[in-house]
Amino acid sequence: MAAINRDDVAHLARLAHIEMSAEELDRMAGELAVIVDSVKSVSEAAGDDVPATSHPIPLTNVFREDVVGHTFTAEQALSGAPDAYEGRFKVPAILDEG
Amino acid sequence: MTENNELIRSSAAALAGKLAAREVTAVEVTQAHLDRIAAVDGKVNAFLHVNTEEALAVAAEVDAIRAAGGAAAEELHALAGVPIAVKDLIVTVGQPTTAGSKILEGWHSPYDATVVQRLRAAKMPILGKTNLDEFAMGSSTEHSAYGPTHNPWDLDRIPGGSGGGSAAAVAAFEAPLALGTDTGGSIRQPGAVTGTVGVKPTYGGVSRYGAIAMASSLDQIGPVSRTVLDSALLHQVIGGHDPHDSTSLPDPLEDLVAAASIGNVRGMKIGIIKELHGEGYQAGVENRFNESLELLKEAGAEIVEVSCPNFKYALGAYYLIMPSEASSNLAKFDGVRFGLRVLPEDGPMTIERVMGATRAAGFGDEVKRRIILGTYALSAGYYDAYYGSAQKVRTLIQRDFDAAFAKADVLISPTAPTTAFKLGEKLNDPLAMYLNDVATIPANMAGVPGLSLPGGLADEDGLPVGVQLLAPARQDARLYRVGAVLESLLEAQWGGPLLDKAPSLTAAPSLNDSSSADSSSAGAALSHGGSH
């Protein structure tokens, strides 16, 4: 497996929506390289014949009755939002229009 | 500041007995714990928020119902009036929930977690919210944005993590009970290093609805206490099916209190996991572990050795699965729906840039590390090699457990490889920090239940050692049966609970360090985390 480098971390930070300073990228790249190196052996542990487990105790077809349950009022749902307007979440511009 | 020593040192079971017999009121019990918090939490920093008014109101309600008598009094839950602390990863109406993060500073949940609803239904006064590593990511509580919690056995040492606040609160007699969450050991490892009891139930055995998710396939809420019986009592309050959590097991809850009261282990097979002791484990940890084995053997248990060869991959697989799930779960902190919003200093003010600036300012280093690592493990080209392989390892670990439980009723190991280390010691070495969880992670990977109880003090440093018991999925009762027996055998040797040997936090005030002069106590954001 490929090692993780500073450019990778910069790309991943963009994907994860976390701004990072140059110093942070350097430090993070160094720390993650050590961690990635230490988890490498995982890819050699299991052969192709071993199935993957996504949940420790799988339950299937977990449904509920199709009836309206408890719902929040708009006021409750917006109570923790940094900004709201007329019963909706208010966000800055979606598109960069200058 | 008065302290009622007898009340704060009582177990939850003993308090329940005194309340039922009307020897003491719930208000007295709750006030005694609030006084203790006021007296010692400036040093311990176990609490991020103290819920004085509501806790006393609930206690007064219990007292009024008891005083009135009749059917309502008879229907009171056995733990009614017994106070409890709640890890600040679990959402509560009427108190802030921060998850130990700046990104949620001052946020109030519009709903209660299911476990909190059940505490309310049992009329247990909630004393407050306890400190944790940010979003439960850590093994020392040093990754809290609100300063580390200090181990009551030695204030310069870590209380474990992520649930160091809950464990320290119980160890410092600030609460008889607490709730924790355990994704890779966050209930059991703090229990081990603070000389307390902690249980990670079978995955799905306790509802996760209202626990802020880190890694959904690993997270589990569970009890934190000073005795095995107390954990069983609390487990019965919070356990059982919840339609709000689609991973909640529909099985009826076993009688765990009865299991804790069986009182013998004769004929039980207890398996030592070859891979989880010996090399890499501190000598004092190993010694106390071996003594526990001897006691169980003398009590009539058969000790067998089992091998779990794939456990050596568990830590690596965990550090792929957990960050992968965490990176997805934490995507919701976007500066729009809740919590912090930080605007970029210059340039276009788009939502994407606001998100980047918010998450940069709101998340601490460890959270950022795990989000980046998870994003990496899930990215195209690496998915099969990392996340896919880790999920296969999960199958191998489950098979190891299946084989081991074919030979033994319960498995046993040290809970953590070392006793509590110094605050700051491993803060700049993430990998060394991760190794603390080597013995606790396999249970989360397989979904099986685990319990940590105090095994004594290590010879070399006089600090608590934890003994871990593991049982097959849905067999949590076995943990309580064996745990209670081992606890009583050990306490007979020690001449009382291990915590009797812990230093008093209120004696010799002249020796207090400067941090204890901080009278704002609970909720004070100590700023010395990460200074090493």
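**Contacts, burial and the interface**

Tutor: Not counting residues up to four places away in sequence, B:Ala439 touches B:Leu276, B:Ser413, B:Pro414, B:Thr415, B:Ala416, B:Pro417 and B:Gln468. Two residues are in contact if their C-beta atoms, placed from the backbone, lie within 7 Å. This is a predicted model, in which local features need pLDDT of at least 70 and side-chain atom pairs count only at pLDDT 80 or more, while totals for chains, interfaces and linings use all residues. Residues are numbered from 1 along each chain as its sequence is written, with chains lettered from A and ligands numbered from 1 in the order in which they are written.

Student: Is B:Ala439 buried or exposed?

Tutor: A residue is buried if 20 or more other C-beta atoms lie within 10 Å of its own, exposed if 12 or fewer, and partly exposed in between. B:Ala439 is buried because 32 other C-beta atoms lie within 10 Å. Between B:Ala439 and B:Pro414 there are 7.2 Å, C-alpha to C-alpha, at a separation of 25 residues in sequence.

Student: How many residues of chain B are in contact with chain A?

Tutor: 59 residues of chain B contact 50 residues of chain A. The chain B side has 32 nonpolar, 19 polar and 8 charged residues; Ala, Val, Leu, Ile, Met, Phe, Trp, Tyr, Cys and Pro count as nonpolar, Asp, Glu, Lys and Arg as charged, and the others, Gly among them, as polar.

Student: Which residues of chain A is B:Ile372 in contact with?

Tutor: Leaving aside neighbours within four places in sequence, B:Ile372 contacts A:Val9, A:Leu12, A:Ala13, A:Ala16, A:Met28 and A:Leu32.
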